[in-house]
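I opened this notebook to record what I looked up in the structure. The entries follow the order in which I turned to each part.

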Amino acid sequence: MKLPFSLLLFCFFLIACNDTYKNKSEAVNRIPITDSANFNNDANKINPYSPIDISPMDMSYYPADYPKLKMTKSISTPPMARVIYSRPHLQGRKLFVDLLKYNEPWRLGANEATELDLYKNVTIQNRKIKAGRYVLYCIPDVDKWTIVLNSNIDSWGLHSDETKDIARFIIPSGHTNNSIEYFTIVFEKTGNNVELVMAWDNVEARLPISF
Amino acid sequence: MKKNILPLFIFQLFFFTAIAQNNNLPLVDKSPMDMSYYPANYPVLKIQDKITEPLVARIVYSRPQKAGRIIFGDLVKYDEVWRMGANEATEIEFFKQVKIEGKKISKGRYTVYAIVNENSWTIILNKETDTWGAFKYNPKKDVVRATASTQKTDSVIEYLSMVFEKATSGFNLVVAWDNVKAILPITY
(Lines give C-alpha, C1' and ligand atoms only; values in the text may rest on other atoms or scores of the structure.)
Protein backbone atom coordinates (compact mmCIF):
# COMPACT_ATOMS: atom_id res chain seq x y z
CA MET A 1 0.00 0.00 0.00
CA LYS A 2 2.80 2.41 0.83
CA LEU A 3 4.52 2.30 -2.52
CA PRO A 4 1.64 3.57 -4.70
CA PHE A 5 0.95 6.29 -2.15
CA SER A 6 4.54 7.47 -2.23
CA LEU A 7 4.40 7.40 -6.02
CA LEU A 8 1.32 9.60 -5.89
CA LEU A 9 3.09 12.03 -3.59
CA PHE A 10 6.05 12.05 -5.92
CA CYS A 11 3.78 12.91 -8.85
CA PHE A 12 2.29 15.79 -6.90
CA PHE A 13 5.77 16.92 -6.06
CA LEU A 14 6.81 16.87 -9.72
CA ILE A 15 3.74 18.87 -10.71
CA ALA A 16 4.40 21.41 -7.97
CA CYS A 17 8.04 21.75 -9.10
CA ASN A 18 7.02 22.15 -12.70
CA ASP A 19 4.65 25.00 -11.86
CA THR A 20 7.26 26.73 -9.74
CA TYR A 21 9.75 26.45 -12.54
CA LYS A 22 7.32 27.93 -15.05
CA ASN A 23 6.52 30.86 -12.80
CA LYS A 24 10.18 31.55 -12.27
CA SER A 25 11.06 31.50 -15.96
CA GLU A 26 8.15 33.82 -16.69
CA ALA A 27 9.33 36.20 -14.01
CA VAL A 28 12.83 36.29 -15.43
CA ASN A 29 11.61 37.04 -18.95
CA ARG A 30 9.52 39.97 -17.85
CA ILE A 31 10.42 43.33 -16.46
CA PRO A 32 8.13 43.83 -13.49
CA ILE A 33 6.84 47.37 -13.54
CA THR A 34 3.52 47.50 -11.75
CA ASP A 35 1.24 45.03 -10.03
CA SER A 36 -0.92 44.73 -13.13
CA ALA A 37 1.53 44.45 -16.00
CA ASN A 38 0.34 42.92 -19.27
CA PHE A 39 0.88 39.22 -19.70
CA ASN A 40 2.27 38.61 -23.18
CA ASN A 41 2.58 34.89 -23.66
CA ASP A 42 1.87 33.04 -26.89
CA ALA A 43 -1.56 31.85 -25.81
CA ASN A 44 -2.58 35.45 -25.25
CA LYS A 45 -1.38 36.80 -28.56
CA ILE A 46 -3.96 34.79 -30.41
CA ASN A 47 -6.85 35.25 -27.98
CA PRO A 48 -9.06 37.85 -29.65
CA TYR A 49 -11.51 37.95 -26.75
CA SER A 50 -9.84 38.25 -23.41
CA PRO A 51 -6.18 37.68 -22.55
CA ILE A 52 -5.21 35.95 -19.32
CA ASP A 53 -4.26 38.38 -16.57
CA ILE A 54 -0.78 38.25 -15.07
CA SER A 55 -2.48 38.76 -11.70
CA PRO A 56 -5.21 36.13 -11.75
CA MET A 57 -8.56 36.82 -10.15
CA ASP A 58 -9.79 34.71 -7.26
CA MET A 59 -12.57 34.68 -4.71
CA SER A 60 -12.85 33.73 -1.05
CA TYR A 61 -16.08 33.05 0.80
CA TYR A 62 -17.20 33.13 4.38
CA PRO A 63 -17.90 30.44 5.47
CA ALA A 64 -14.54 29.47 3.92
CA ASP A 65 -14.87 27.20 0.86
CA TYR A 66 -18.62 27.76 0.88
CA PRO A 67 -19.14 26.56 -2.73
CA LYS A 68 -17.41 23.26 -1.95
CA LEU A 69 -19.40 22.84 1.27
CA LYS A 70 -22.56 23.49 -0.70
CA MET A 71 -21.56 20.94 -3.32
CA THR A 72 -21.08 18.29 -0.66
CA LYS A 73 -24.40 19.32 0.92
CA SER A 74 -22.71 19.81 4.27
CA ILE A 75 -24.06 23.33 4.60
CA SER A 76 -27.62 24.60 4.35
CA THR A 77 -27.27 28.21 5.49
CA PRO A 78 -26.61 30.91 2.87
CA PRO A 79 -23.12 32.37 2.44
CA MET A 80 -22.39 35.47 4.53
CA ALA A 81 -19.65 37.20 2.60
CA ARG A 82 -17.15 36.91 -0.21
CA VAL A 83 -14.21 38.81 -1.60
CA ILE A 84 -13.37 39.00 -5.32
CA TYR A 85 -9.82 40.20 -5.93
CA SER A 86 -6.88 39.83 -8.27
CA ARG A 87 -3.62 38.35 -7.05
CA PRO A 88 -0.41 40.17 -7.98
CA HIS A 89 2.81 38.31 -7.21
CA LEU A 90 6.18 39.41 -5.88
CA GLN A 91 8.40 38.22 -8.77
CA GLY A 92 11.50 38.80 -6.70
CA ARG A 93 10.40 42.18 -5.40
CA LYS A 94 9.92 43.16 -1.78
CA LEU A 95 6.43 44.30 -0.81
CA PHE A 96 7.76 47.27 1.17
CA VAL A 97 9.03 49.40 -0.36
CA ASP A 98 9.52 48.04 -3.91
CA LEU A 99 5.79 47.71 -4.48
CA LEU A 100 3.98 49.62 -1.78
CA LYS A 101 4.84 52.78 0.10
CA TYR A 102 3.82 53.39 3.67
CA ASN A 103 0.91 55.81 4.07
CA GLU A 104 -0.09 55.63 0.42
CA PRO A 105 -3.44 54.06 -0.49
CA TRP A 106 -3.19 50.60 -2.03
CA ARG A 107 -5.90 48.85 -4.05
CA LEU A 108 -5.55 45.53 -2.14
CA GLY A 109 -5.34 43.64 -5.41
CA ALA A 110 -4.87 44.35 -9.11
CA ASN A 111 -6.98 45.12 -12.17
CA GLU A 112 -10.68 45.49 -11.24
CA ALA A 113 -11.17 47.10 -7.83
CA THR A 114 -11.25 44.54 -5.02
CA GLU A 115 -14.84 43.84 -4.04
CA LEU A 116 -16.28 42.81 -0.68
CA ASP A 117 -19.79 41.34 -0.93
CA LEU A 118 -21.68 41.23 2.36
CA TYR A 119 -24.80 39.08 2.16
CA LYS A 120 -26.00 40.22 5.59
CA ASN A 121 -25.48 43.20 7.89
CA VAL A 122 -22.25 42.91 9.88
CA THR A 123 -20.46 44.74 12.66
CA ILE A 124 -16.86 45.85 12.36
CA GLN A 125 -15.22 47.61 15.29
CA ASN A 126 -18.67 48.32 16.79
CA ARG A 127 -19.87 49.89 13.58
CA LYS A 128 -22.83 48.44 11.67
CA ILE A 129 -22.16 47.84 7.97
CA LYS A 130 -25.14 47.09 5.76
CA ALA A 131 -25.31 44.11 3.42
CA GLY A 132 -24.14 45.11 -0.05
CA ARG A 133 -21.18 45.37 -2.39
CA TYR A 134 -18.18 47.50 -1.44
CA VAL A 135 -14.79 48.37 -2.86
CA LEU A 136 -12.05 47.42 -0.40
CA TYR A 137 -8.74 49.27 -0.23
CA CYS A 138 -6.15 50.05 2.39
CA ILE A 139 -3.54 52.53 3.55
CA PRO A 140 -0.66 50.49 4.96
CA ASP A 141 1.70 51.82 7.61
CA VAL A 142 4.68 50.17 9.30
CA ASP A 143 2.70 48.41 12.03
CA LYS A 144 -0.92 49.26 11.26
CA TRP A 145 -3.19 49.29 8.21
CA THR A 146 -6.24 51.44 7.57
CA ILE A 147 -8.88 49.34 5.82
CA VAL A 148 -11.41 51.34 3.82
CA LEU A 149 -14.86 50.34 2.56
CA ASN A 150 -15.86 52.51 -0.38
CA SER A 151 -19.01 52.68 -2.51
CA ASN A 152 -17.37 53.30 -5.92
CA ILE A 153 -18.16 49.74 -6.99
CA ASP A 154 -17.47 48.20 -10.46
CA SER A 155 -14.41 50.38 -10.97
CA TRP A 156 -10.81 49.69 -11.87
CA GLY A 157 -7.69 49.97 -9.74
CA LEU A 158 -7.81 52.56 -7.07
CA HIS A 159 -9.38 55.92 -7.59
CA SER A 160 -9.65 56.78 -3.99
CA ASP A 161 -12.57 59.16 -4.17
CA GLU A 162 -12.69 59.69 -0.42
CA THR A 163 -16.14 61.21 -0.67
CA LYS A 164 -17.34 57.67 -1.43
CA ASP A 165 -15.69 56.10 1.62
CA ILE A 166 -18.24 54.33 3.80
CA ALA A 167 -16.02 53.41 6.73
CA ARG A 168 -12.37 53.24 7.79
CA PHE A 169 -10.93 50.78 10.28
CA ILE A 170 -7.43 50.82 11.73
CA ILE A 171 -6.00 47.37 12.44
CA PRO A 172 -2.53 46.23 13.53
CA SER A 173 -0.36 44.49 10.94
CA GLY A 174 2.01 41.65 11.71
CA HIS A 175 4.53 39.35 10.09
CA THR A 176 4.23 35.83 8.71
CA ASN A 177 6.86 33.12 9.12
CA ASN A 178 7.20 32.56 5.39
CA SER A 179 7.09 34.85 2.41
CA ILE A 180 3.84 34.58 0.46
CA GLU A 181 4.42 34.95 -3.29
CA TYR A 182 0.84 35.75 -4.34
CA PHE A 183 -1.29 38.33 -2.56
CA THR A 184 -3.94 36.43 -0.62
CA ILE A 185 -7.27 37.33 0.99
CA VAL A 186 -9.23 34.75 2.98
CA PHE A 187 -11.78 34.63 5.75
CA GLU A 188 -10.63 32.70 8.81
CA LYS A 189 -12.64 31.61 11.80
CA THR A 190 -10.81 31.25 15.10
CA GLY A 191 -13.08 30.38 18.00
CA ASN A 192 -15.97 32.81 17.74
CA ASN A 193 -14.02 35.39 15.78
CA VAL A 194 -14.10 35.79 12.04
CA GLU A 195 -11.25 37.68 10.46
CA LEU A 196 -10.66 38.88 6.94
CA VAL A 197 -6.98 37.99 6.46
CA MET A 198 -4.89 39.96 3.96
CA ALA A 199 -1.40 38.54 3.46
CA TRP A 200 1.46 39.19 1.07
CA ASP A 201 5.23 38.81 1.29
CA ASN A 202 5.84 38.53 5.04
CA VAL A 203 3.12 40.94 6.11
CA GLU A 204 -0.43 40.18 7.21
CA ALA A 205 -3.31 42.24 8.51
CA ARG A 206 -6.54 40.89 10.00
CA LEU A 207 -9.87 42.68 10.07
CA PRO A 208 -12.31 41.16 12.61
CA ILE A 209 -15.90 41.00 11.34
CA SER A 210 -18.95 40.03 13.42
CA PHE A 211 -21.69 38.33 11.42
CA MET B 1 12.56 -2.22 3.01
CA LYS B 2 14.82 0.51 4.43
CA LYS B 3 15.94 1.44 0.95
CA ASN B 4 12.36 2.14 0.04
CA ILE B 5 11.58 4.28 3.05
CA LEU B 6 14.35 6.85 2.67
CA PRO B 7 13.31 8.27 -0.73
CA LEU B 8 9.69 8.13 0.39
CA PHE B 9 10.57 10.18 3.43
CA ILE B 10 12.48 12.70 1.35
CA PHE B 11 9.64 13.10 -1.14
CA GLN B 12 7.11 13.53 1.61
CA LEU B 13 9.33 16.07 3.29
CA PHE B 14 9.56 18.09 0.08
CA PHE B 15 5.88 17.72 -0.57
CA PHE B 16 4.79 18.96 2.81
CA THR B 17 7.41 21.70 2.80
CA ALA B 18 6.01 22.97 -0.50
CA ILE B 19 2.59 23.28 1.09
CA ALA B 20 3.86 24.77 4.33
CA GLN B 21 5.54 27.59 2.41
CA ASN B 22 2.17 28.91 1.54
CA ASN B 23 1.11 29.18 5.21
CA ASN B 24 -1.95 27.04 4.40
CA LEU B 25 -3.28 29.96 2.40
CA PRO B 26 -4.87 29.12 -0.95
CA LEU B 27 -2.54 28.44 -3.87
CA VAL B 28 -3.08 30.24 -7.15
CA ASP B 29 -5.59 28.35 -9.27
CA LYS B 30 -4.44 26.54 -12.37
CA SER B 31 -7.57 27.85 -14.09
CA PRO B 32 -7.53 31.50 -13.10
CA MET B 33 -10.73 33.40 -12.44
CA ASP B 34 -11.71 36.39 -14.53
CA MET B 35 -14.68 38.69 -15.05
CA SER B 36 -16.26 40.46 -18.01
CA TYR B 37 -18.77 43.30 -17.91
CA TYR B 38 -21.43 44.71 -20.18
CA PRO B 39 -20.81 47.44 -21.22
CA ALA B 40 -17.42 45.86 -21.99
CA ASN B 41 -14.58 47.19 -19.82
CA TYR B 42 -17.08 49.03 -17.63
CA PRO B 43 -14.65 49.45 -14.68
CA VAL B 44 -12.03 51.08 -16.91
CA LEU B 45 -14.62 53.30 -18.59
CA LYS B 46 -15.91 54.26 -15.15
CA ILE B 47 -12.58 55.58 -13.89
CA GLN B 48 -12.02 57.39 -17.20
CA ASP B 49 -15.47 59.05 -17.02
CA LYS B 50 -16.34 57.50 -20.38
CA ILE B 51 -19.50 55.65 -19.45
CA THR B 52 -22.24 56.10 -22.05
CA GLU B 53 -24.66 53.36 -20.98
CA PRO B 54 -25.50 51.98 -17.56
CA LEU B 55 -24.03 48.79 -16.10
CA VAL B 56 -26.12 45.79 -17.20
CA ALA B 57 -24.25 42.54 -16.67
CA ARG B 58 -21.16 40.84 -15.38
CA ILE B 59 -19.92 37.26 -15.68
CA VAL B 60 -17.40 35.76 -13.22
CA TYR B 61 -15.80 32.51 -14.36
CA SER B 62 -12.65 30.43 -14.16
CA ARG B 63 -10.57 29.79 -17.25
CA PRO B 64 -9.38 26.24 -17.98
CA GLN B 65 -6.77 25.77 -20.72
CA LYS B 66 -6.99 23.63 -23.82
CA ALA B 67 -3.50 22.26 -23.02
CA GLY B 68 -3.29 20.25 -26.23
CA ARG B 69 -6.62 18.51 -25.73
CA ILE B 70 -9.60 18.30 -28.06
CA ILE B 71 -12.27 20.22 -26.16
CA PHE B 72 -15.73 19.90 -27.72
CA GLY B 73 -17.04 16.39 -28.23
CA ASP B 74 -14.14 15.00 -26.21
CA LEU B 75 -13.19 16.79 -22.96
CA VAL B 76 -16.61 18.46 -22.99
CA LYS B 77 -19.02 15.73 -24.02
CA TYR B 78 -21.90 16.51 -26.36
CA ASP B 79 -25.40 16.46 -24.81
CA GLU B 80 -24.13 16.63 -21.22
CA VAL B 81 -24.40 19.50 -18.76
CA TRP B 82 -21.04 21.30 -18.70
CA ARG B 83 -20.03 23.75 -15.97
CA MET B 84 -18.75 26.22 -18.60
CA GLY B 85 -15.80 27.15 -16.42
CA ALA B 86 -13.78 25.62 -13.61
CA ASN B 87 -13.76 25.64 -9.82
CA GLU B 88 -16.58 27.84 -8.43
CA ALA B 89 -19.68 27.68 -10.63
CA THR B 90 -19.71 30.33 -13.34
CA GLU B 91 -21.89 33.25 -12.24
CA ILE B 92 -23.73 35.86 -14.29
CA GLU B 93 -25.17 38.93 -12.60
CA PHE B 94 -27.72 41.26 -14.14
CA PHE B 95 -27.90 44.73 -12.64
CA LYS B 96 -31.27 45.35 -14.32
CA GLN B 97 -33.98 43.17 -15.81
CA VAL B 98 -33.09 41.65 -19.20
CA LYS B 99 -34.71 39.22 -21.63
CA ILE B 100 -33.35 35.95 -22.98
CA GLU B 101 -35.38 34.40 -25.80
CA GLY B 102 -38.16 36.79 -24.81
CA LYS B 103 -38.24 35.55 -21.22
CA LYS B 104 -37.87 38.19 -18.53
CA ILE B 105 -34.86 37.60 -16.30
CA SER B 106 -34.94 39.57 -13.05
CA LYS B 107 -31.99 41.50 -11.78
CA GLY B 108 -29.79 39.22 -9.67
CA ARG B 109 -27.14 36.51 -9.65
CA TYR B 110 -27.43 33.20 -11.50
CA THR B 111 -25.16 30.24 -12.16
CA VAL B 112 -24.50 29.40 -15.80
CA TYR B 113 -24.15 25.98 -17.42
CA ALA B 114 -24.16 24.76 -21.02
CA ILE B 115 -25.14 21.68 -22.98
CA VAL B 116 -22.84 21.61 -25.96
CA ASN B 117 -23.67 20.19 -29.36
CA GLU B 118 -21.98 20.34 -32.71
CA ASN B 119 -24.23 22.99 -34.23
CA SER B 120 -25.67 24.85 -31.24
CA TRP B 121 -25.38 25.09 -27.48
CA THR B 122 -28.04 25.28 -24.81
CA ILE B 123 -27.12 27.90 -22.22
CA ILE B 124 -28.72 27.39 -18.81
CA LEU B 125 -29.28 30.00 -16.11
CA ASN B 126 -29.94 28.48 -12.70
CA LYS B 127 -30.94 29.95 -9.34
CA GLU B 128 -28.57 27.90 -7.19
CA THR B 129 -25.66 30.32 -6.73
CA ASP B 130 -22.43 30.15 -4.69
CA THR B 131 -21.77 26.55 -5.60
CA TRP B 132 -18.95 24.54 -7.16
CA GLY B 133 -18.82 23.11 -10.67
CA ALA B 134 -21.94 21.38 -12.02
CA PHE B 135 -21.75 18.45 -9.64
CA LYS B 136 -25.01 19.26 -7.87
CA TYR B 137 -26.73 20.90 -10.82
CA ASN B 138 -30.48 20.72 -10.28
CA PRO B 139 -32.64 21.38 -13.39
CA LYS B 140 -35.58 22.21 -11.10
CA LYS B 141 -33.78 25.46 -10.26
CA ASP B 142 -33.38 26.49 -13.91
CA VAL B 143 -34.51 30.02 -14.75
CA VAL B 144 -34.09 29.75 -18.51
CA ARG B 145 -32.68 27.40 -21.14
CA ALA B 146 -31.80 29.23 -24.34
CA THR B 147 -30.16 28.32 -27.62
CA ALA B 148 -26.82 29.85 -28.54
CA SER B 149 -25.65 29.62 -32.14
CA THR B 150 -22.07 28.47 -32.74
CA GLN B 151 -19.34 29.43 -35.18
CA LYS B 152 -15.83 28.17 -35.88
CA THR B 153 -13.13 30.61 -34.81
CA ASP B 154 -10.23 31.65 -37.05
CA SER B 155 -7.65 30.66 -34.48
CA VAL B 156 -7.40 28.23 -31.59
CA ILE B 157 -8.28 29.85 -28.26
CA GLU B 158 -6.15 28.36 -25.50
CA TYR B 159 -8.10 29.65 -22.47
CA LEU B 160 -11.87 29.54 -22.12
CA SER B 161 -12.98 33.12 -22.79
CA MET B 162 -16.22 35.00 -22.20
CA VAL B 163 -17.05 38.52 -23.22
CA PHE B 164 -20.12 40.62 -23.86
CA GLU B 165 -20.43 42.26 -27.25
CA LYS B 166 -22.84 44.98 -28.32
CA ALA B 167 -25.54 43.79 -30.74
CA THR B 168 -28.11 45.63 -32.86
CA SER B 169 -30.71 45.07 -30.16
CA GLY B 170 -29.17 44.45 -26.77
CA PHE B 171 -25.93 42.54 -26.47
CA ASN B 172 -24.45 39.05 -26.82
CA LEU B 173 -22.68 36.78 -24.40
CA VAL B 174 -19.83 35.26 -26.43
CA VAL B 175 -18.24 32.08 -25.08
CA ALA B 176 -15.13 30.92 -26.93
CA TRP B 177 -12.72 28.03 -26.45
CA ASP B 178 -10.60 25.87 -28.72
CA ASN B 179 -12.02 26.54 -32.20
CA VAL B 180 -15.66 27.25 -31.32
CA LYS B 181 -17.55 30.32 -30.22
CA ALA B 182 -21.15 30.35 -29.01
CA ILE B 183 -23.30 33.47 -29.11
CA LEU B 184 -26.23 34.04 -26.76
CA PRO B 185 -28.35 37.14 -27.55
CA ILE B 186 -29.62 39.13 -24.56
CA THR B 187 -32.15 41.95 -25.00
CA TYR B 188 -34.00 44.44 -22.80
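**Entry 1: chain A**

I began with A:Val97, which I located in helix α4 of chain A, a helix covering residues 95-99. The model is a predicted one, and I kept this in mind for every entry. I then looked up the peptide bond that leads from A:Phe96 into A:Val97 and found that it is cis, with omega near 5 degrees.

**Entry 2: chain B, overall**

I turned to chain B and counted 2 helices and 10 strands. I read their order along the sequence as α-β-α-β-β-β-β-β-β-β-β-β. I noted that chain B has 188 residues, of which 36% are buried. I also looked up the contacts in chain B with a separation of 6 or more, and 54% of these are between residues 24 or more positions apart.

**Entry 3: the cis bond in chain B**

I looked up the bond between B:Tyr38 and B:Pro39 and recorded a cis peptide bond there, with omega about -5 degrees. I placed B:Pro39 in the loop that runs between β1 (33-38) and α2 (42-47) of chain B.

**Entry 4: the loop between β3 and β4**

I asked where B:Met84 lies. I found B:Met84 in the loop between β3 and β4 of chain B. I noted that B:Met84 is not a glycine, yet its phi is positive, near 50 degrees. I class B:Met84 as buried because 26 other C-beta atoms lie within 10 Å.

I found B:Gly85 in the loop between β3 (81-82) and β4 (91-94) of chain B. Is B:Gly85 buried or exposed? I recorded it as buried, because B:Gly85 has 27 other C-beta atoms within 10 Å. I then looked up the contacts of B:Gly85, setting aside neighbours within four places in sequence, and listed B:Tyr61, B:Ser62, B:Thr90 and B:Leu160. I also looked up the pair B:Gly85 and B:Ala114, which are 29 residues apart in sequence and 9.8 Å apart in space, C-alpha to C-alpha.

**Entry 5: the loop between β8 and β9**

I looked up B:Asp130 and placed it in the loop between β8 (120-126) and β9 (142-166) of chain B. I noted a positive phi of about 60 degrees for B:Asp130, which is not a glycine. Why does B:Asp130 count as buried? I recorded that B:Asp130 has 20 C-beta neighbours inside 10 Å, and a residue is buried if 20 or more other C-beta atoms lie within 10 Å of its own.

Conventions:
Residues are numbered from 1 along each chain as its sequence is written. Chains are lettered from A and ligands numbered from 1 in the order in which they are written. This is a predicted model: local features need pLDDT of at least 70, side-chain atom pairs count only at pLDDT 80 or more; totals for chains, interfaces and linings use all residues. Helices (H or I, at least four residues) and strands (E, at least two) are DSSP runs, numbered from the N terminus. A residue is buried if 20 or more other C-beta atoms lie within 10 Å of its own, exposed if 12 or fewer, and partly exposed in between; C-beta atoms are placed from the backbone. Two residues are in contact if their C-beta atoms, placed from the backbone, lie within 7 Å.
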